[in-house]
Amino acid sequence: MDCLIVDHPLAAARLTTMRDEKTGNAGFRAALSDLTQMLIYEALADAPSVEVTINTPMRAHTGSRLATPPLLVPVLRAGLGMVEQAHAMVPEAHVGFVGIARDEETAQPVPYLESLPEDLSGLPVFVLDPMLATGGSMLHTIELLVARNATDITAVCVVAAPEGVAALEKSGHPCRLVVAAVDEGLDEVNYIVPGLGDAGDRQFGPR
Ligand SMILES: O=P(O)(O)OC[C@H]1O[C@H](OP(=O)(O)OP(=O)(O)O)[C@H](O)[C@@H]1O
Ligand SMILES: O=c1cc[nH]c(=O)[nH]1
Ligand SMILES: [Mg+2]
């Protein structure tokens with residue numbers, strides 16, 4: 001599986017803000033928004049463009065735009081903190097929604113919302129979720145997308161555990177990963193270490 005680690009001093013600075021336990025909800029959301037801009041920018045670096053002819057105030061000019069804007073799919077709750085900035089970067093994108101909450105005992109994904117276009121043939125899909133821990137939530141989302149004929153899926157994450165990366169790889173699904181950091185691993189309750197805690201709670205409070 002193709003894995004792009006966005007290694008940039010500005011990305012590292014925002015990630016450090018997010019990791020810091022002293023950062024409050026508003027500061028966490030702001031850093032996640034800034035970092036999402038960088039992740040989306042990098043995720044689209046090789047995206048195909050098409051030529052468009054426009055007129056500048058001076059003369060005609062052949063410019064470009066994205067050939068096929070990706071469908072953006074935030075995974076609720078935590079992915080909500082990425083979608084506004086991702087949409088600002090790709091304003092013509094459509095948006096689908098998936099809601100999943102991990103069972104706190106088993107860490108198994110418990111889906112509660114699915115709002116996606118019926119047919120995703122030929123459409124790149126960007127799944128937005130800051131955390132890839134065991135990979136269960138991302139794999140559930142990818143399976144929903146593959147069942148709708150998606151063949152070009154990008155998981156856009158902030159922090160991944162090696163266990164989650166391995167689970168995506170093992171699945172064999174058509175997926176690549178764009179992430180700011182791959183951390184040491186999971187603790188005994190399947191939280192990422194050093195990680196940043198619960199990305200949903202740190203934006204919105206406990207559920
Ligand atoms: O890789 P996994 O082991 O599946 O864990 C990652 C999932 O856990 C978090 O969501 P959570 O279940 O805490 O829901 P929330 O966003 O509502 O807080 C996170 O945003 C991912 O969706
Ligand atoms: O470390 C983790 C693992 C799962 N979900 C989170 O929000 N954080
Ligand atoms: Mg959570």
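The model is predicted: local features need pLDDT of at least 70, side-chain atom pairs count only at pLDDT 80 or more, and totals for chains, interfaces and linings use all residues. Residues are numbered from 1 along each chain as its sequence is written, and chains are lettered from A and ligands numbered from 1 in the order in which they are written.

The protein contains six helices and twelve strands. These are DSSP runs numbered from the N terminus, with helices being H or I of at least four residues and strands E of at least two. The C-alpha trace spans about 60 × 40 × 30 Å along its principal axes. The radius of gyration is 17 Å, which agrees with the value near 17 Å for a compact globule of 207 residues. This radius is taken over C-alpha atoms, and the globule rule is 2.2 Å times the number of residues to the power 0.38.

Two packed helices are described by the angle between their axes and the distance between the axes. Helix α2 (residues 25-43) and helix α3 (residues 80-89) have axes that come within 8 Å and cross at roughly 45 degrees. Axes are lines fitted to C-alpha atoms, for helices over the stretch in contact, and angles run from 0 to 180 degrees between N-to-C directions. The two helices are therefore oblique to each other. Angles under 35 degrees count as roughly parallel, over 145 as roughly antiparallel, 65 to 115 as roughly perpendicular and the rest as oblique. From α2, the contact draws on Arg29, Leu32, Ser33, Thr36, Gln37, Ile40 and Tyr41; from α3, on Gly81, Met82, Glu84, Gln85, Ala86 and Met89. Residues are in contact if their C-beta atoms, placed from the backbone, lie within 7 Å.

Most residues other than glycine have a negative phi, and most peptide bonds are trans. A cis peptide bond links Leu76 to Arg77, with omega about -5 degrees. Arg77 sits in the loop between β4 (71-76) and α3. Another cis bond joins Val193 and Pro194, with omega about 0 degrees. Pro194 belongs to the loop between β12 (192-193) and α6 (199-204). Asn149 has a positive phi, near 75 degrees. Its loop runs between α4 (136-147) and β9 (153-160).

Methods:
Two residues are in contact if their C-beta atoms, placed from the backbone, lie within 7 Å.
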